[in-house]
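Let's take a walk through this model, one spot at a time. Have the sequence and the structure open as you read.

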Amino acid sequence: LLNLGIFLQDKRDKLGLSQKELAKKAKVTQQQLSKIENGINCTMNTLLKVCNALEVDLNFQNKH
């Protein structure tokens, strides 16, 4: 979760968005976004909203 949070924070920074701006765009609270960026557990729905707002696709692939 921490690696994902760091990735999303980096993407947000590259887009020049503050946490407040991205939270508004994703329709989540700033507190929820902060938890995601700090690797704290969140709901899948909240994570998907943030990824959608950042135009990030989650790809789950087997390592085999």
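**Starting at leucine 4**

Leaving out residues up to four places away in sequence, leucine 4 touches Leu47 and Leu58, where contact means heavy atoms within 4.5 Å. Keep in mind that this is a predicted model, with local features needing pLDDT of at least 70, side-chain atom pairs counting only at pLDDT 80 or more, and totals for chains, interfaces and linings using all residues. Residues are numbered from 1 along each chain as its sequence is written, and side-chain values use heavy atoms, with hydrogens and water left out.

Leucine 4 and leucine 47 sit 43 residues apart in sequence, yet their C-alpha atoms are 9.9 Å apart in space. Leucine 4 belongs to helix α1 (helices are DSSP runs of H or I, at least four residues, numbered from the N terminus).

Now follow helix α1 (residues 2–14) to helix α3 (residues 30–37): their axes come within 7 Å and cross at roughly 120°. Axes here are lines fitted to C-alpha atoms over the stretch in contact, with angles from 0 to 180 degrees between N-to-C directions. So α1 is oblique to α3, oblique being whatever is left once under 35 degrees (roughly parallel), over 145 (roughly antiparallel) and 65 to 115 (roughly perpendicular) are taken out. On the α1 side the contact uses Gly5, Ile6, Leu8, Gln9 and Arg12, and on the α3 side Leu33, Ile36 and Glu37.

Ile36 turns up again with threonine 46, which contacts Val28, Gln32 and Ile36, neighbours within four places in sequence aside. Threonine 46 lies in helix α4 (residues 44–53) and is buried, at 8% relative accessible area (buried means under 20%, with a 1.4 Å probe and protein chains only).

Notes: Helices (H or I, at least four residues) and strands (E, at least two) are DSSP runs, numbered from the N terminus. Buried means under 20% relative accessible area, exposed over 50%, partly exposed in between (1.4 Å probe, protein chains only).
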